[in-house]
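Reader: Please take me through the organisation of this model by way of a few questions.

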2 protein chains.
Amino acid sequence: MSIRIGILGYGNLGRGVECAIKHNPDLELTGVFTRRDPKSVKILTESAKVYHADELEGMKDQIDVLILCGGSATDLPWQTPKYAQWFNVVDSFDTHAKIPEHFADVDKAASESGHVGIISVGWDPGMFSLNRMYANAILTNGKDYTFWGKGVSQGHSDAIRRIKGVKDGKQYTIPVEAALESVRRGENPELSAREKHTRECFVVAEEGADLARIEEEIKTMPNYFSDYDTTVHFISQEELDRDHSGIPHGGFVIRTGKTGWEDEHNHVIEYSLKLDSNPEFTSSVIAAYARAAYRMYKEGQKGCKTVFDVAPAYLSALSGEELRKHLL
Amino acid sequence: MSIRIGILGYGNLGRGVECAIKHNPDLELTGVFTRRDPKSVKILTESAKVYHADELEGMKDQIDVLILCGGSATDLPWQTPKYAQWFNVVDSFDTHAKIPEHFADVDKAASESGHVGIISVGWDPGMFSLNRMYANAILTNGKDYTFWGKGVSQGHSDAIRRIKGVKDGKQYTIPVEAALESVRRGENPELSAREKHTRECFVVAEEGADLARIEEEIKTMPNYFSDYDTTVHFISQEELDRDHSGIPHGGFVIRTGKTGWEDEHNHVIEYSLKLDSNPEFTSSVIAAYARAAYRMYKEGQKGCKTVFDVAPAYLSALSGEELRKHLL
């Protein structure tokens, strides 16, 4: 029997989860839940329906795992604990500083209701975290590096679009190749923000806008751009739509470390992602963890979990025997 | 209180485990056990002692986890099940084809005795297996590639040394860069053995040996060399000792796959290792899984496990709270 999935929120991530379910024959989409008018939301899966979010509580018995596809700023902090009352839940909460608080909230709700809630699933937090953790456990005497990109940063693109005279814009975060190479050579460099990443902006200005002023405002914007070498390109809306409509991302997690009685041997562990679609990859990770949440629940586990707490085998549709035979 | 570790077998791997214990303050080496005369074995750790393997059974209460550092061909198939009677055990069994059988043997012994046995720990099998598995669970529609090297293959070096007229030799397995690049570009190539790896041999010939015949015998050796482009260099024993005494290794696990409603987006997941010392890295992975074995045992778990069955958090000396705060 398939694992019945509900999706709450139908933006890029919700659509990504819908696609991921299509790629996992043991998962089945029951419905997409929205706070908008359900009639206004068109989904891709013919066998599934669109419901209003208010209908969720009444569908407790029709959904095995609810995947929360809202935002970390204002949706997930209350949604994940709320729905953990009734469902096994998975979210992609990514406000690093607030994870301990979110974990506690979800753990309380899920422990009380006897469900499993897996939070902060995706690639960072998620697969990158896992790789940092494994590498740290193996090379206890070492140094961690995380590089992001090349990819679109939503936050930085939003920041550009808030500038007066900017009609539209996209920002790419790009790792500095020389820094990556130095890390890989085991040189253990101390890298400033500027030395690790550059920022490239493609901006559509409003007619008659002062381009020099816009460029200056971008490059000097604190937190977002002032600590980086930033390039600004002014292009037309057509060019932006044609060349920059994708949401690629990726990055590198590297740990270098030493072993041996006198620390005489060097090692480099590197994990990297090159993603055409950030939300679809995140969704694919989430789909695997939805499977895990359901299996752990069936075994009687409960409470809040992160990727650190989930044994890898739970993620795979294959049996333990098949995994040992084909992938070990 | 520290986790008390015993090491059975004191070759490269046993010594590597000893070094790894030094790098993990919560692990403590109780003793090294050997089938040789204990007086003939000198270890590095001053606080630990060397015992004969026969003394192990009597030391059940002084060891929390026994790490088996014997070979996969003739030692581990009987050692791991035998010692799982009395101890939590970790081994690095790497005969892929026999893993199901070994798993069953260890599972029976460990389940009956109430201990945890983790088998096939290291990097391949081990970290490479884990990365294949995670990547398969995420990108269900994709293709796997594993490349090994650049590194010393013990089996191929042994095969060279068995040739008449060869005094000593080392063989390096080297991934073909063009194949790696094609995979990374998402071209999904079908690669023959020859297209994936080249083999480079450094050979010390006996005085007066027929070098042309040796080179021919190497290059045409079935299974080992005949399916590869192989280079043979004749060098002096001094050169071999000076330039080729290390045991480096490494490799790449890559999965490429597609997501999206119409499989319109491509993704590349890559994990790579660059290791100065193959046995010391393997040992460092084993040390982390020894910690996991002990913790799982303390929680009442039992039976045989592989890296697929161990939740990542068990590997780390950090608490769940610290992991979430610093590495998620």
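Predicted model: local features only at pLDDT ≥ 70, side-chain atom pairs only at ≥ 80, totals over all residues.

Reader: Which residue in strand 4 of chain A is the bridge partner of A:Ile7?
Author: Strand 1 (residues 3-8) and strand 4 of chain A run parallel and are joined by four bridges. The partner of A:Ile7 in strand 4 of chain A is A:Ile67.

Reader: Are the residues on the two faces of strand 4 of chain A buried or exposed?
Author: One side of strand 4 (residues 65-68) of chain A carries A:Val65 and A:Ile67, and the other carries A:Leu66 and A:Leu68. Both faces are covered, and these four residues are all buried.

Reader: What is the handedness of the crossover from strand 4 to strand 5 of chain A?
Author: Strand 4 and strand 5 (residues 88-90) of chain A pair in the parallel sense over three bridges. The chain passes from strand 4 through helix 2 (residues 76-84) of chain A to strand 5, and this β-α-β crossover is right-handed.

Reader: How far apart are the end C-alpha atoms of residues 122-277 of chain A?
Author: An unreviewed UniProt entry places the domain "Meso-diaminopimelate D-dehydrogenase C-terminal" at these residues of chain A. Over residues 122-277 the chain is 31% helix and 36% strand, and the separation of the end C-alpha atoms is 12 Å.

Technical notes:
Residues numbered from 1 in each chain as written. Chains lettered and ligands numbered in written order. Heavy atoms only, no water. UniProt positions renumbered as here; feature names shortened; annotations may be inferred. Buried < 20%, exposed > 50% of the residue type's maximum accessible area, 1.4 Å probe, protein only. Pairing = 2+ DSSP bridges. Right-handed = clockwise from strand over helix to strand, strands pointing away.
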